[in-house]
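The sequence and structure come first.

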Amino acid sequence: QEEAGPIQRSAFNSFGSICSAVSRPSVPAPVSEELQDIVPSPGSLGHPEACRRPCMFAAAGSCASSSTCGFCHIPHAQRSFHVDKRQRELLKKLRRADMLELVTRCLHARATMLGIEAESSEVLGVMDDWCCQARRSTVESGESESSFAVQPHLLTDLERAIRKMNFSTVLGVALRNCRSVSVHADQATEALDRMRFQLTKRL
């Protein structure tokens, strides 16, 4: 295994960044004293729904920087769900407005299913605004409302796959496929950080 890099050691205000296009490095910070008895690492905040990916080094019992590690140190009951190669290609072909509406619909459904509407309200509000902005841009540019000719069952399968992911991973789908730096992407990332703290304090 490769040695953990600076991204894996990122602090609270950066480990909410899901994709490199919108993430910014920061100085590592330890878990606050208030939360030390609840989470072993910054990346564990919001476990299991909004935490970061599991830390490979912690799983092997060798993470030397747990107090500043930007990955989750709490065991996960099951492996994370991901879209397959065909579905990733489909996401790339969707118009931004269609992709955002699909992801936002899945986020709302996930929050409702888990009863975390209050904790996720800021993230959902940002995503709703982002969808509206993207749809307006589509109309103003004169582009067709339809993304492209796609069989309906492929979109159904894609949405079904995304709905199996945890909340932060679903959000990551939008951030990875936004294809440009966006104020809304930064806002969603920052809102997710705050959501992680709120979910952790519920424990």
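Which residues does Ile-162 touch, not counting residues up to four places away in sequence? They are Val-83, Leu-102, Cys-106, Val-170 and Val-173, where touching, or contact, means heavy atoms within 4.5 Å.

## Basis and confidence

This is a predicted model, in which local features need pLDDT of at least 70 and side-chain atom pairs count only at pLDDT 80 or more, while totals for chains, interfaces and linings use all residues. Residues are numbered from 1 along each chain as its sequence is written, and side-chain values use heavy atoms, with hydrogens and water left out.

The mean pLDDT (the predictor's confidence in each residue, from 0 to 100) is 82 for the chain, and 80% of its residues reach 70 or more. Over residues 1–28 the pLDDT is below 50, although this stretch has 73 contacts in the model beyond near neighbours in sequence. Where pLDDT is low, the predicted coordinates should not be read in detail.

Helices here are DSSP runs (H or I, at least four residues), numbered from the N terminus. Confidence is lowest in helix 1 (residues 56–59), at a mean of 90, and highest in helix 3 (residues 96–114), at 96.

## Nonpolar cores

A nonpolar core is a set of buried Ala, Val, Leu, Ile, Met, Phe, Trp, Tyr and Cys residues joined through side-chain atoms within 4.5 Å; buried means under 20% relative accessible area (1.4 Å probe, protein chains only). The largest such core has 38 residues, and Met-127, Ile-162 and Phe-167 have the most contacts inside it. Two or more residues each come from helix 2 (85–93), helix 3, helix 4 (117–140), helix 5 (152–163), helix 6 and helix 7 (183–202). Helix 3 gives the most, with 8 residues.

Apart from this core lies another, of 5 residues, including Cys-55, Cys-63, Cys-69 and Phe-71.

## Helix 5

Helix 5 has 12 residues and reaches 17 Å from its first C-alpha to its last. That is close to the 16 Å expected at 1.5 Å a residue, taken as 1.5 Å times one less than the number of residues.

Leu-158, Glu-159, Ala-161 and Ile-162 are buried in helix 5. They lie on the same side of helix 5 because they cover an arc of only 160 degrees around the axis, judged by the directions from the helix axis to the C-beta atoms. Their cover includes helix 2, helix 3 and helix 6.

## Thr-169

Thr-169 lies in helix 6 (residues 167–176) and is buried, with a relative accessible area of 15%. Leaving aside neighbours within four places in sequence, Thr-169 is in contact with Phe-81 and Arg-176.

Methods. Buried means under 20% relative accessible area, exposed over 50%, partly exposed in between (1.4 Å probe, protein chains only).
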